[in-house]
Amino acid sequence: EMYKMLEDYLPSGFMGEVEIDNKTVLRSNWKKLVALALARTDELSKTQVGFKRHLVEDVAHFRNDVVQFRRDFVDNGPMVQGLAPMEAVDRLSRFKEELEIRERKFDLYRSG
């Protein structure tokens with residue numbers, strides 16, 4: 001558009017041959033770049049569908065895993081009645097490690 005404005009308002013012959021050639025090359029390269037950007041956008045859109053579907057499946061599995069983890073913690077965790085103190089500490093450590101794993105998964109899934 002800038003070259004069009006220059007061509008309209010400047011006297012003919014103001015731009016040299018080299019600049020006119022550069023303008024032609026620039027316009028051609030710009031069209032190629034726009035076409036490449038559109039092609040890449042289409043490619044990424046197609047790829048994104050697969051990733052999103054996989055993420056939704058992983059989140060659904062993660063939800064089920066969290067429900068199972070909570071149930072296991074309530075049924076077999078460190079607060080079970082009649083449990084020896086050392087056994088309770090061991091169970092607490094095990095559940096804490098498993099919780100840290102699930103927290104990392106949660107952060108990963110939350111970030112997309």
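A search of the whole predicted model finds 3 aromatic pairs, where rings of Phe, Tyr and Trp (its six-membered ring) pair if their centres lie within 6.5 Å, and planes under 30 degrees apart count as stacked, over 60 as edge-to-face and the rest as tilted. The rings of Phe62 and Tyr109 are edge-to-face, with centres 5.6 Å apart and planes at 75°. This pair links distant parts of the chain, 47 residues apart: Phe62 belongs to helix H2 and Tyr109 to helix H3 (residues 85-111). Helices (H or I, at least four residues) are DSSP runs, numbered from the N terminus. Phe62 has a relative accessibility of 12% and therefore counts as buried; buried means under 20% relative accessible area, exposed over 50%, and partly exposed in between (1.4 Å probe, protein chains only). The rings of Phe69 and Phe95 form a tilted pair, their centres 5.7 Å apart and their planes at 55°. With Phe69 in helix H2 and Phe95 in helix H3, the pair ties together parts that are 26 residues apart in sequence. Both Phe69 and Phe95 are buried, and ring pairs link Phe69, Phe73 and Phe95 into a cluster.

Residues are numbered from 1 along each chain as its sequence is written. For this predicted model, local features need pLDDT of at least 70 and side-chain atom pairs count only at pLDDT 80 or more, while totals for chains, interfaces and linings use all residues; side-chain values use heavy atoms, with hydrogens and water left out.

Arg102 in helix H3 and Asp65 in helix H2 are 37 residues apart, and the closest N and O atoms of their salt bridge are 2.9 Å apart. Arg102 counts as buried at 15% relative accessibility, whereas Asp65, at 25%, counts as partly exposed.

Helix H2 comprises residues 17-76. The 60 residues of H2 should span 88 Å at 1.5 Å a residue, and the 84 Å between its end C-alpha atoms agrees; the expected span is 1.5 Å times one less than the number of residues.

Definitions and conventions:
Helices (H or I, at least four residues) and strands (E, at least two) are DSSP runs, numbered from the N terminus. A salt bridge is a side-chain nitrogen of Lys or Arg within 4 Å of a carboxyl oxygen of Asp or Glu.
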